[in-house]
Amino acid sequence: MITFLKSNWFVILISVNYLLAISSVITILFRNINPTKTLTYIIALVFFPFLGLMVYYLFGQEYRKNKIFNRKHVLNQDIIKALNKDLEQSSEELEALEGDFLNDKIRLVKLLQKSDKAPLTRCNTVEIIKNGEAKFKRLFQDIENAKHHLHLEYYIIIDDEIGTQFLNLICKKAKEGIEVRLSIDDVGSSISRKMKRKLKDSGVEFYSFMPVLFPKFTGRMNYRNHRKIAIIDGVIGYVGGINIADDYVNKPDRKAYWRDTHLRLEGESVITIQVQFLTNWQFVSDSKIKDLTKKYFPNKACKDNVAVQIAASGPDTDWSNIMDVIFSAINTADDYVYLTTPYFIPNDEIIMALQIASRSGIDVRILIPDESDSIIAKYATNAYLQPLFDANIKVYRYTKGFIHAKTMVIDNVFSTIGTSNMDYRSFNINFEINAVIYDKDKSKELKEIFIEDLKEAKEMNSETWKNRSNIKKLKESFCKLWAPLL
């Protein structure tokens, strides 16, 4: 028997692989998921022994149906129920807003309220922040002024120069008696053992999101927490594309310019961000937060009246909320759609929505990087451009540096800024969070920023694009095949 096993070990392994692969294929077919994803998984399982099984194990599990964690404990607390009840708009109130300034965009408000239980908050001050150097100056000031608590949740924190400043500052605040809770993604972040000890010794409550054994080698092959959240005293909230690392800061001696966008919020929308943080904190700390008090949700006088909804999505939500609201927003456009994204690897629904908008006479423009930080993502993005050109959509490549902003503005009424890229991973796999803003002034401001960014970009020529080499087309087609997994 042993001799037989030694002589035929490879045949046995291959046989076991394909038994498991056949079982997986049957499971995929019964799940009746998107045909593109179905075909991708089947190709991986059939033509890539062992690797295909690993890819399916890492990517193919439907975590939205089998939630990674339960949000009920936090959401069922009396204080959260009361806050949500106070913020929720009645049908009559929504109808009044429809006639006021939202028009057909009221559909988006109702969509998020029903699918994500995300209330429309009216009492908000919204500050759009361009680039990391401006964000860190503002954030560090707010952290320095914190009086009760700091809640911080980031995909990337690296203890380089800016990261060390940030970590030293929150250690200082913890020593002053401020409650500091920090959650980082175990794959995206890199903090030394020495700094982790300092955090613990300073009194910072610190946890990694879904720790992995070899984070440096895991890369993107996991369901990750891609959010960038900072909450100060339950009064101020930050959300957007800027992580905590030197890469996000444009210093005088820096060679590659980094263009990014973030938001600073004050007002009722911070309540929703706080709830999102607390549900995740319960998961990463493996402990229930008992007796949430008003200190985490303080009352604050209303300075401005900017309408904001917080859209969150991930394997803990029933629906792909951010993708749904982006899709619906494009379909409600009457004048223009201006989209900025570092990774454009959309699903068929988004492609079709953009095509229909453009073919209907709407000005659709998309800004993407000229050079990407991922060669595979770059070729995959290129594979999706021809359908845009066919519909006369204008595509621009940002040439000043790398554009990492994730923004969209429509009709001087609707805008969104957040962590979600325009790709399969952000729509279906990662934990993401976006602020959705319904305000003429803020939409005009974001539109002006978009137009300003176009001055540092070149418009792509569809005829020139068609004549690119067959080698490039082959690379693009290969990378597009793996697009649902990127």
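Predicted model: local features only at pLDDT ≥ 70, side-chain atom pairs only at ≥ 80, totals over all residues.
Eight strands form an open sheet, arranged in the order β9-β18-β16-β15-β10-β12-β13-β19, and their pairing is mixed.

- Strand β16 (residues 414-418) and strand β18 (residues 432-438) run antiparallel and are joined by five bridges.
- Strands β10 and β12, by contrast, run parallel, and five bridges join them.
- Tyr-338 stands opposite Arg-365, a residue of β12.
- Strand β12 also pairs with strand β13 (residues 394-398), in the parallel sense and over five bridges.
- Strand β12 (residues 363-369) is mostly covered, since six of its seven residues are buried.
- In a regular strand, side chains alternate between the two faces of the sheet.

**Helix α14 on the sheet**

- Helix α14 packs on the sheet, where it touches β9, β10 (336-340), β15 (407-410), β16 and β18.
- The direction of α14 makes about 30° with that of β15.

**Helix α14 beside helix α15**

- The axes of helix α14 (residues 321-331) and helix α15 (residues 348-359) come within 9 Å and cross at roughly 15°.
- Angles under 35 degrees count as roughly parallel, and α14 and α15 are therefore roughly parallel to each other.
- The crossing of these two helices, α14 and α15, is left-handed.
- On the side of α14, the contact is made by Met-323, Ile-326, Phe-327, Ile-330 and Asn-331.
- On the side of α15, the contact is made by Glu-349, Ile-350, Ala-353, Leu-354 and Ala-357.
- By class, the residues of the contact between α14 and α15 are eight nonpolar, one polar and one charged.

**Helix α9 beside helix α10**

- Helix α9 (residues 132-144) and helix α10 (residues 161-175) have axes that come within 10 Å and cross at roughly 15°.
- That crossing angle makes α9 roughly parallel to α10.
- Helix α9 passes α10 in a left-handed crossing.
- From α9, the contact draws on Phe-136, Leu-139, Phe-140, Ile-143 and Glu-144.
- From α10, the contact draws on Ile-162, Gln-165, Phe-166, Leu-169, Ile-170, Lys-172 and Lys-173.
- The contact of α9 with α10 comprises eight nonpolar residues, one polar residue and three charged residues.

**The chain as a whole**

- The protein chain has 486 residues, of which 57% count as buried.
- Contacts in the protein chain between residues at least 6 apart in sequence can be sorted by separation: 81% of them join residues at least 24 apart.

Note on methods. Residues numbered from 1 in each chain as written. Heavy atoms only, no water. Axes fitted to C-alpha atoms, helices over the stretch in contact; angles between N-to-C directions. Helix = DSSP H or I, 4+ residues; strand = E, 2+ residues; numbered from the N terminus. Parallel < 35°, antiparallel > 145°, perpendicular 65-115°, else oblique. Left-handed = near helix turned anticlockwise from the far one by under 90°. Contact = heavy atoms within 4.5 Å. Nonpolar A, V, L, I, M, F, W, Y, C, P; charged D, E, K, R; others polar. Pairing = 2+ DSSP bridges. Buried < 20%, exposed > 50% of the residue type's maximum accessible area, 1.4 Å probe, protein only.
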